[in-house]
Amino acid sequence: MLYLQLFWTYLKIGTFTIGGGYVMLSMIEHEVVERKGWIDREEFLNMIALAQAAPGLIAVNSAIFIGWRIGGWRGVIATVLGAVLPSFLIILGIALVFQDYKDLPAVEAVFKGIRPAVVALIAAPLCKMAHSAKITWVTAIIPIAGALLIWLGGLSPVWIIFVTVVATLLYTYLKERKSSKH
Amino acid sequence: MIYLQLFLSFLKIGLFGFGGGLAIFSLIQHEIEVHGWMTQEEFVDILAISQVTPGPIGINCATYVGYTATGSVWGSLLATVAIVIPSLIIMLSLCKVYFVISTRFQHNIYFTRTMQMLRLSVLGMIAAAALLLIQPVNQPSVSFIDWKSWVIFGVVCLFTILPMFLKNTAGVSKKSAEVFKKFINLLSHPILLIVLAGVAGYVIYS
């Protein structure tokens, strides 16, 4: 049963990876390339590029790619359900229970400690990401301006993404046209 | 009405969510602020829970926000479905193009430039998400209530960044350096750090 296998594989990936899309990629590689042999490494790299290029969650995008590649429409349903269902059920369970306990003094104390740690886990990876984005003093203007506009200006991040995409495409187009004229 | 808002918001988040779970936080944060679905406290707690539970962070967040905003399972389902719909449409179209012509689009200059610039913008979005949690505009911060919060923040930052620097420094005595590196790598795991911060919170504040 191919669809069941697709579902099961992504259910495993969705259940046992903690920490989001990028952590999932190594697990996806292990399951899909090494164990199942559904695609080879070259195609896996293409898949990552596509999954990052498309908007949305990287884990879900990769599930769509594999599902479509291996099993067409039904494959997509199987993999996406597999990737999303564990999260959905686990979080729903926690949300239902947490509602009753969140006002207990002990739970509140625990979360008082956790909250600054969560902010740190969002802020600290910025160093690594800035490094791998090959940031320079000049290009640092883009994230700094974006951060200030969202933080102090209350601008929706949607605009940041929109302007980045349109401006880059336009700039590249104009530059290409100019160089092809010469 | 709140269901329609929720659906449209998460559709938007799915459509503009580039750059993984952390960048998606920034989009979700903005929608929550605009619609006033929950308190800042609730939002940070959702982030914490999303990071320590299995599965894609964006799905965890959508499910939790959907439930908290509406108080019903249907809100969860709606938000989760909405965040996946743009992915389905766009990724399937990309797949069709890719499997038909199988171009090496990674070498396409429009593609590579846009991805490069998006990476920079996403950095700003993540920074903004952190800044809004540290010091919201016109509101007291709920994440940083006293100096002890800053100590926890500093320690967690340190342990998250430390493995990066250890890669560059060649140890004097190799074996002890290896052991030290393994120890730091283990300590830098986000789940362990959140659990330790929770223990610290319990000890300090209760």
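## Contact of H5(A) with H9(B)

In H5(A), the residues A:Ala106, A:Ala109, A:Val110, A:Phe111, A:Lys112, A:Gly113, A:Ile114, A:Ala117 and A:Leu121 meet B:Pro190, B:Leu193, B:Ile194, B:Ala197, B:Gly198, B:Ala200, B:Gly201, B:Tyr202, B:Ile204 and B:Tyr205 of H9(B). The residues of this contact divide into 15 nonpolar, three polar and one charged. Two residues are in contact if their C-beta atoms, placed from the backbone, lie within 7 Å. Ala, Val, Leu, Ile, Met, Phe, Trp, Tyr, Cys and Pro count as nonpolar, Asp, Glu, Lys and Arg as charged, and the others, Gly among them, as polar.

The model is predicted: local features need pLDDT of at least 70 and side-chain atom pairs count only at pLDDT 80 or more, while totals for chains, interfaces and linings use all residues. Residues are numbered from 1 along each chain as its sequence is written, and chains are lettered from A and ligands numbered from 1 in the order in which they are written.

## Geometry of the helix pair

Helix H5 (residues 105-123) of chain A packs against H9(B) at an angle of about 135°, with the axes 7 Å apart. Axes are lines fitted to C-alpha atoms, for helices over the stretch in contact, and angles run from 0 to 180 degrees between N-to-C directions. H5(A) and H9(B) are therefore oblique to each other (angles under 35 degrees count as roughly parallel, over 145 as roughly antiparallel, 65 to 115 as roughly perpendicular and the rest as oblique).

## The interface of the two chains

The contact takes 95 residues from chain B and 83 residues from chain A. On the side of chain B that touches chain A, the elements giving two or more residues include helix H1 (2-16), helix H5 (73-101), helix H6 (109-134) and helix H9 (190-205) of chain B. H6(B) supplies the largest share of that side, 23 residues. The residues of the side of chain B that touches chain A comprise 65 nonpolar, 26 polar and four charged.

## Chain B and the domains

Chain B has nine helices and zero strands (helices, H or I of at least four residues, and strands, E of at least two, are DSSP runs numbered from the N terminus). Along its principal axes, the C-alpha trace of chain B spans about 55 × 45 × 30 Å.

Chain B is divided into domain 1 (2-134) and domain 2 (147-205), with bounds from an automatic or database domain assignment. Taken over C-alpha atoms, the centres of these domains of chain B are separated by 28 Å. Chain A is divided into domain 1 (2-101) and domain 2 (136-181), and 31 Å separate their centres, again over C-alpha atoms.
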